[in-house]
Amino acid sequence: MVAWIRKGFWERVARIILRNRILILLIIAGITFFLAMQWKNMRFTYTEANLLPDHHPVNVEYNRFLETFGEEGNLIVLAVKDPALFTPHNFKLWNKLSKQLNAFPEVDIVVSTDNLKELVKNTDKQEFELKPFLDHEPQSEEAIDTLKNHLFHELPFYESLLFNKETETIRTAVYLDKEIVNTPVRKDFIFNDFIPLIKKFENNTGLKVHISGMPYIRTLNSQNIIDEIGGFILAALGVTSLIFFFFFRSFRATLISMVVVIIGVMWAFGFLGLLHYEITVLTALIPPLIIVIGIPNCIFLINKYQQEVKKHGNQAKSLQRVISKVGNATLMTNATTAIGFASFIVTESKLLKEFGIVASLNILAIFILSLLIIPIIYSFMSLPKKRHLKHLNKRWIGGFVNWMEKTVKHRRIEIGICSIVLLVASIIGIYQIRISGSIIEDMPKNTGFFEDIRFFEKEFDGIMPLEIMIDTKRKNGVMKLSTLRRMDQLEELITEIPGLSKPISVVNLVKYSKQAYYNGNPAYYQLPSNQENNFILSYAKKSSGNANLLRSFVDSTGQIARITTFMQDMGTDKMEGIQERLWGTIHKVFPEDRYDVSMTGKALVFMKGTKYLVNNLILSLALAVLLIAIFMAYMFRSFKMIIISLIPNLFPLVITAGIMGFLGIPIKPSTILVFSIAFGISVDDTIHFLAKYRQELVSNGWKIRKSVFAALRETGVSMFYTSIVLFFGFSVFTTSSFGGTVALGGLVSSTLLFAMLSNLILLPSLLLSLEKSIANKQVLKEPNIDVLSDDEEDEEK
């Protein structure tokens, strides 16, 4: 009775679709138009991905820092490492460049040789004053050399900030307005004003300007994401359409499938706009993913239609059977794929949650579109000609199916041994997997801005800020000499740690004040003694210039100070080691009852976010496995069949994890996606095989061997076709310039290939090896869901 209702349901669906063709097409057109109107709401990300939930302690600490000192990532740095800079012509243009940058409203302040200030003592007024480093433009190389020596050897306050004394590299620091750093205004300024001005300087001088800083890196990185979206879509359309045409040898069928997936892509962008989600390096993958996943739906539906036409030549009957007999199967397979993506929703990471929501919604949407559009379009067309049906008689695939059948029949022991060896080797590889919390690891390696990142790491020890915030718990507590000495101890450790730049804090300013008090003698660039401190403070209190300098290092109450250092790109293990070393000194130097110290910064937040995602990887994958297991339990109502069905789908995931370990591919936000995505897709083949296997059992009187080989012959071809489409479709992502996207494409492709072989070789071998325990009607009861109807199976025979 239940089966009759289910069968009746899909027959009613078929009648509704075919009797309301025009109305359904109008509805699809209306929805497509509505979603296309939402494209204007699409936003491209202007910050690094925040992988942590808002309430996470690390995020809370970072937001507290931003509330106290404002946006940290507003610095763009320019650098020139070339002796030719120190000529009158080039030096004048370098200073002119600073003036031009400072004139833009998007720029808060520029610190360079042009507007550099020296702290000097005014004995008459008993205060410190800020004197220009350049009181006039030098006209000779001798004058420039004098200024250079003065800067490099007598102004240690600016070392690492504006110059590298050893290599004579000069920097200019451009601080953007904090209000525009995370807005589209930043992008317009970088591309329309900033970069053309730098290019003009390079053309006029012949000097190479190295540019870095998080606002600049974010802007160019985001633009690379935008540029790749169109390329991915075109590549996915090209590859899948070629494979589709190779299978069907029909321009008409290929065109229809392209129409379906193109509408699916339009809906994908529409959902992103409708939900006001940012386009990140992950959500940018959704449109081409929809193409790759949608094409197998088209193959399944069009192939079934052509099979029906070949049998009886009745178009109406063929279209009705396509919907009523294949609709349920495509729904089940798309549902399991959607579950794989939807598992990311539970991670509490905004980035992955948005990706999971949009991807799962669009997978179900592409199922609906293919089920509606393909039968309706074919209903307006003439019947396929004989040349369109020739592919149904192809024999070239028969050799592959025969090889699989012989392997399963005669080499089950070898299959078991190979599986165990692969499993052991993969487990060894898993123990070698490392975790990467690097912000820049996935960035395009062949771009100029990535080369500049490495340049600044070599010259100035990094560009990613690490902030240490020290709360003295009392007003004006920062300027107490005891606090400054404690900060100086911590800064000495930071200077000793490889991979961290020379720190910048109020301590540097106080040291500079002592140097100024002693008439600029660099030998006195150090913290004052107790006696000296009284004299120096009396000067400092009268100095208005000092107050402006202090704002960058101390909050308005004088209670909270910051120490800023910059990190090189490094592995998570090394970063955690540095963090532990810093905390060891912090706990020793700053008593907890008197100081509240925290460590934050974008690099640290990203590292913690990666660790958080890794911890949640097991949860999301386990949820996907559980949901699909429940789904299959409802389908087959057999615990043993659930276990048997999960083994060939989990096995490829273990192999992939082992490959990652041996090849040195780290666990990071992009590669974390591989397992849930691949599992959700690969289980589709298992559902098809087991559904066909059960049908064969019923028709063959519960004879295991005969049923296994019959199911293998029936489903092997379709599983091969869809796996080939998915393999080459996901391989498109290996053309990306982003390392994470390349790894994602390669790993998912290889996992799906392993999954196909596992479902076609390991799964039948398991069924044959365990035939005594599963060859009865109690184990394989009547399914709740008929993925393939009995009458369909009879007809195919």
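Modeller: In this predicted model, the contact between helices α4 and α6 is made on the α4 side by His89, Asn90, Leu93, Trp94, Leu97, Gln100 and Leu101. On the α6 side, the residues that meet them are Phe194, Leu197, Ile198, Phe201, Asn204 and Thr205. Sorted by class, this contact of α4 with α6 contains eight nonpolar and five polar residues, and no charged ones. Helix α4 spans residues 88-102 and helix α6 residues 184-205. Their axes come within 10 Å of each other and cross at roughly 170 degrees. Because the angle is over 145 degrees, α4 counts as roughly antiparallel to α6.

A second pair may be set beside it. Helix α7 (residues 214-248) packs against helix α8 (residues 251-274) at an angle of about 155 degrees, and their axes lie 10 Å apart. The pair α7 and α8 is therefore roughly antiparallel too, and α7 passes α8 in a right-handed crossing. From α7, the contact draws on Ile229, Ile233, Leu237, Thr240, Ser241, Phe244 and Phe245. From α8, the contributors are Phe251, Ala253, Thr254, Ser257, Met258, Val261, Ile262, Val265 and Phe269. The contact of α7 with α8 comprises twelve nonpolar and four polar residues, with no charged residue.

The third pair has another geometry. Helix α2 (residues 21-37) and α11 have axes that come within 10 Å and cross at roughly 135 degrees. Since an angle of over 145 degrees is needed for the roughly antiparallel class, α2 is classed as oblique to α11. The crossing of α2 and α11 is left-handed. Helix α2 supplies Arg21, Ile24, Leu25 and Ile28 to the contact, while α11 supplies Leu369, Leu372, Ile373, Ile376 and Ser379. By class, the contact of α2 with α11 holds seven nonpolar residues, one polar residue and one charged residue.

Leu372 belongs to helix α11, which covers residues 350-379. Its relative accessibility is 17%, so Leu372 counts as buried, the cut-off being under 20%. Apart from neighbours within four places in sequence, Leu372 is in contact with Ile17, Ile24 and Ile28.

Asn74 sits in the loop between α3 (57-69) and β2 (75-80). With a relative accessible area of 5%, Asn74 is buried. Not counting residues up to four places away in sequence, Asn74 touches Val174, Tyr175, Leu176, Lys178, Val181 and Pro215.

The protein as a whole gives the setting for these details. The protein has 26 helices and twelve strands, and 58% of its 797 residues count as buried. Among contacts between residues at least 6 apart in sequence, 80% join residues at least 24 apart. The accessible surface comes to about 32,800 Å², and carbon and sulfur atoms account for 59% of that area.

Conventions. Residues are numbered from 1 along each chain as its sequence is written. This is a predicted model: local features need pLDDT of at least 70, side-chain atom pairs count only at pLDDT 80 or more; totals for chains, interfaces and linings use all residues. Side-chain values use heavy atoms; hydrogens and water are left out. Helices (H or I, at least four residues) and strands (E, at least two) are DSSP runs, numbered from the N terminus. Buried means under 20% relative accessible area, exposed over 50%, partly exposed in between (1.4 Å probe, protein chains only). Contact means heavy atoms within 4.5 Å. Accessible areas come from the Shrake-Rupley method with a 1.4 Å probe; for residues, only the protein chains shown count as cover. Axes are lines fitted to C-alpha atoms, for helices over the stretch in contact, and angles run from 0 to 180 degrees between N-to-C directions. Angles under 35 degrees count as roughly parallel, over 145 as roughly antiparallel, 65 to 115 as roughly perpendicular and the rest as oblique. A crossing is left-handed if the near helix is turned anticlockwise from the far one by less than a right angle, and right-handed if clockwise. Ala, Val, Leu, Ile, Met, Phe, Trp, Tyr, Cys and Pro count as nonpolar, Asp, Glu, Lys and Arg as charged, and the others, Gly among them, as polar.
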